[in-house]
Amino acid sequence: MLKTGSEHLRSLKDGRVVYIGSERVDDVTSHPAFRNGARSIAALYDMKAADPGFSYQENNEMFSTYFLKAKTREDLQKRTALHRAIADMSHGLLGRSPDHVSSFVTGMAMNPSVFGKFSENLSRYYEHMRREDVYGVYAVIPPQAARNPEFYQKQNIPTPTLRVVREDDDGVVISGMKMLATGAVFANEIWIGNLIPLAPNQLAESITCAVPVGAPGVALWSRKPYERYAPSEFENPLTWRFDETDSMVMCEMHMDAVLAREIYIKTPGHCYGNHQSNVRFHAKMQLIVGLASKIAQASGANEVPAVREVLGRFAALEAALGGMIAGQIQDAEDWPAGFKTFNRRYMYAALNWCTESHSNIIDALRELCGGAIFQMPADISVMHDPKLREQFEAYWQTPQLGAVERMKLYKLAWDLIGSEFAGRHLQYEKFYAGASFIVRNHSFREAPWAQFHKVVDDLMAGYDVPELQNQKVA
Ligand SMILES: Cc1cc2nc3c(=O)[nH]c(=O)nc-3n(C[C@H](O)[C@H](O)[C@H](O)COP(=O)(O)OP(=O)(O)OC[C@H]3O[C@@H](n4cnc5c(N)ncnc54)[C@H](O)[C@@H]3O)c2cc1C
């Protein structure tokens, strides 16, 4: 099934429990903290339903292409094209758009045997997800500070980390919290799991399951929603539409189907999901490069050779990531048997590149902006006062741009480099795939060390201790 935007919005009116501080949100589709974000997600569903290029047919049913188990390079290209179309709509600002976790699940469903006795559950879940066009997000990290159970045991209070507290013939009872479900406010289901390995004594935490956001016993504790504080689209054009939200997930419920107790990298799941992240970041790079150039043009600095060099660097960075993404398809892997997977090493290299480059790239954009942003009036209401408007239009114009266009450009730039929304993005890009040492460990794990060592060994095998006569005699 291919959901439309309005069908998706209807699906969010399911009695879900969402808190902003102590405020209980009635309806996330109309609440001022979330309504525009909800519409942005709905627009993705409409876009994808309207274009037959973004779906595929199987057994007379249509499914979104991000559920396609790729068998050829062309299949991988189709997947990437849909990721790109989705990322372009949000300029890469929706990290956990509906194609992220669904790609994880699709990759896992390509090798369900990894799930052992739970493999049937995983295959059924994949079918359910693609049939209902489910928007899934995930919370796969234990909450910070709750990773030392002894602290809680000493006080005789429950450990906050989500865990199995009872097991019966019908399933399990889970209780506790998990971080950090980006997009959950707008999603249908939350995949609960563990991306970081657990110690043997953490068996109760080693559960993977999917919970409907509206199910009794599930509550989302939202961080501060920035959309609520955006006075208008003009003042905060990105915050206004693309605050995808982050929530702590609290669960106190019975689960009748457990998916697994250990997974991810033994299936293409992690690769499919994070390829989406690479493509998403590429869309953001295009916004950044476009803004950098426009900002340089707005002051006339684009004519200065040193500034052209800065712009050339931006363009080179954008193209480098484009190349890393294309290479993942070009050098795709035949893995698992019968399927194609994006080149894992290139994908992890791009993931690392994005994680460690984002702050510097944003900083370079910030430097290009200079103080222009703070020359602008507090808000655009000046345009509604005839006298102020006349002055604003006369004094704030430059040879390159009218006053309103300048203000519009700098407001957009600030929402990407300096607003609270922008600050959250700096943090997101550093941590969404785990802390940097986790991200780099993926590259370490996948590297062909024996091959690299052989290069060194072969080189050294070509020479030995020199003969005595070759030695310089003092
Ligand atoms: C905006 C945002 C959105 C997110 N969205 C999601 C989501 O949708 N789903 C989800 O499951 N998670 C999400 N996360 C959570 C994310 O996965 C975690 O933030 C990430 O795994 C890091 O864990 P942590 O925050 O507990 O930091 P920590 O692991 O506590 O790390 C904090 C700092 O300590 C350092 N550190 C800690 N331990 C070590 C060590 N052993 N060696 C070296 N350095 C160490 C880290 O490098 C880091 O600098 C999101 C996070 C953010 C910020």
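**One residue and its surroundings**

Arginine 280 counts as buried because it has 28 C-beta neighbours inside 10 Å; the term applies at 20 or more other C-beta atoms within 10 Å, with 12 or fewer meaning exposed and anything in between partly exposed, and C-beta atoms are placed from the backbone. This is a predicted model, in which local features need pLDDT of at least 70 and side-chain atom pairs count only at pLDDT 80 or more, while totals for chains, interfaces and linings use all residues. Residues are numbered from 1 along each chain as its sequence is written.

Arginine 280 belongs to helix H8 (helices, H or I with at least four residues, and strands, E with at least two, are DSSP runs numbered from the N terminus). The residues that arginine 280 touches are His83, Ala87, Gly92 and Gly95, leaving aside those up to four places away in sequence; contact requires C-beta atoms, placed from the backbone, within 7 Å. Alanine 81 lies 199 residues from arginine 280 in sequence, yet their C-alpha atoms are 11 Å apart in space.

The wider setting is the division of the chain. Its domain assignment gives domain 1 (5-255) and domain 2 (269-456), with bounds that come from an automatic or database assignment. The C-alpha centres of the two domains are 25 Å apart. Their contact takes 38 residues from domain 1 and 33 residues from domain 2. On the domain 1 side, H3, H4 and H7 are the elements that give two or more residues, and H3 supplies the largest share, 9 residues.

The largest nonpolar core comprises 110 residues, and Ala184, Ile190 and Ile295 have the most contacts inside it; such a core is a set of buried Ala, Val, Leu, Ile, Met, Phe, Trp, Tyr and Cys residues joined through C-beta atoms within 7 Å. Helix H8 (residues 269-299) contributes the largest share of this core, 13 residues. At least three core residues come from each of domain 1 and domain 2. In soluble globular proteins, nonpolar side chains tend to be buried together. Alanine 184 touches residues including Val137, Ile190 and Val213, again leaving aside those up to four places away in sequence.

Strand S8 (residues 189-192) and S9 pair in the antiparallel sense over 4 bridges; pairing requires at least two bridges found by DSSP. The open sheet has 3 strands in the order S5-S8-S9, with mixed pairing. Strand S5 (136-139) and strand S9 (209-212) are at the edges with a single partner strand each, so one side of each has no neighbour in the sheet. Neighbouring strands are turned by 30° against each other on average, direction ignored. Helix H4 (residues 101-109) lies across S5 and S8, running at about 85° to S5; the axes are lines fitted to C-alpha atoms, for helices over the stretch in contact, and angles run from 0 to 180 degrees between N-to-C directions.

Finally, helix H3 also has a part elsewhere. Helix H3 (73-90) is among the elements that cover the buried residues of H2, as are helix H1 (5-11), strand S4 (61-64) and helix H7 (237-242). The buried residues of H2 include Ile41, Leu44 and Tyr45.

Terms used
Two residues are in contact if their C-beta atoms, placed from the backbone, lie within 7 Å.
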